[in-house]
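Hi there,

Here is the structure I promised to hand over. Please open it beside this email and follow along as you read.

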Amino acid sequence: MRYLTVLEYAHRKLNPATYLEIGVRTGTSLALARCRAIGIDPAFTIKTELHCDVSLFRTTSDAYFSQPDPLAATGGRPFELAFIDGMHLFEYALRDFINAERYSSTKGVIFFDDMMPNSVEEAARVKHTRLWTGDVYSIVEVLRRYRPDLTVIMTDVRPTGLLLVTGLDPENTVLADNFTEILAEFRKPDPQPVPIQLIDRLGAQSPERVMQSDLWDTLIGVEPGTPAREVQDRLSGRLGASLGAAYA
């Protein structure tokens, strides 16, 4: 199953009021949105018909989030769904998550693309292959170590996997507070030390299982403004049965 199928399912099932996309390119994934949307990309070239009320920003994500009010274009409403597919370097992806979570709803979901390289070559910081994930794969271990409060689900989709993150806490500053320390440990020179289990996709959930899980109905039942801890407790209380004990 391709990654766009899972993204489309998330849009349809969650029916988010607001959507953020970092890395728009030709608009293929942005075209899935049917809500107020923000697309960020310094070099987008839209080739797909869009079906939403969208504001496009031809800038970097770092520049966008340095604005006084990153939610001005949504009328102040936090993001309920986000897709991070920008610069494929670890430090950029980490900053994108920190910024996206800060302006997300506690009922929100953030997806990362390109989290499971098929080879060490694809994971290089300097691109030299057709498919290129860069070294964003390290985000998985960082979130599991520094943010055990989050629900982090690796999903085995083509071509290079998705990471689903929910149970978001906009007030949590652990990643930002430890940013320099995290970079010092996880940003590595090429060739990348990609764990073989990641290349072999061991431990990743099938997209069918993720889509059939209790995740979606749990989030649908969350009222806007619900405290993050309460959302996290609901998720851990329901996901064990459908995704396994590691999520309980």
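A definition to begin with: axes are lines fitted to C-alpha atoms, for helices over the stretch in contact, and angles run from 0 to 180 degrees between N-to-C directions. Helices (H or I, at least four residues) and strands (E, at least two) are DSSP runs, numbered from the N terminus.

This is a predicted model, where local features need pLDDT of at least 70 and side-chain atom pairs count only at pLDDT 80 or more, while totals for chains, interfaces and linings use all residues. Residues are numbered from 1 along each chain as its sequence is written, and side-chain values use heavy atoms, with hydrogens and water left out.

Let's start with helix H4 (residues 139–146). H4 packs with helix H6 (residues 179–186) at an angle of about 135°, and their axes are 11 Å apart. That makes H4 oblique to H6 (under 35 degrees is roughly parallel, over 145 roughly antiparallel, 65 to 115 roughly perpendicular, and the rest oblique). Glu141, Val142, Arg145 and Tyr146 of H4 make the contact with Glu181, Ile182, Glu185 and Phe186 of H6; contact means heavy atoms within 4.5 Å.

H4 also packs with helix H3 (residues 90–102), at an angle of about 45° and with the axes 11 Å apart. H3 is therefore oblique to H4. On the H3 side, Phe90, Ala93, Leu94 and Phe97 meet Ile139, Val142 and Leu143 of H4.

Next, look at helix H10. Its 16 residues (228–243) should span 22 Å at 1.5 Å a residue, and the end C-alpha atoms are 21 Å apart, which agrees; the expected span is 1.5 Å times one less than the number of residues. H10 has a kink of about 30° centred on Gly237, where the bend is the angle between axes fitted to the seven residues ending there and the seven starting there. Among the buried residues of H10 are Val231, Leu235 and Leu239 (buried means under 20% relative accessible area, exposed over 50%, partly exposed in between, with a 1.4 Å probe and protein chains only). Their cover includes strand S5 (104–113) and helix H9 (215–220). After H10 comes Gly244, with a positive phi near 115°.

Finally, where is Lys47? Lys47 sits in the loop between strand S2 (36–40) and strand S3 (54–57). With a relative accessible area of 67%, Lys47 is exposed. Lys47 and Arg25 are 22 residues apart in sequence and 8.8 Å apart in space, C-alpha to C-alpha.

Happy exploring!
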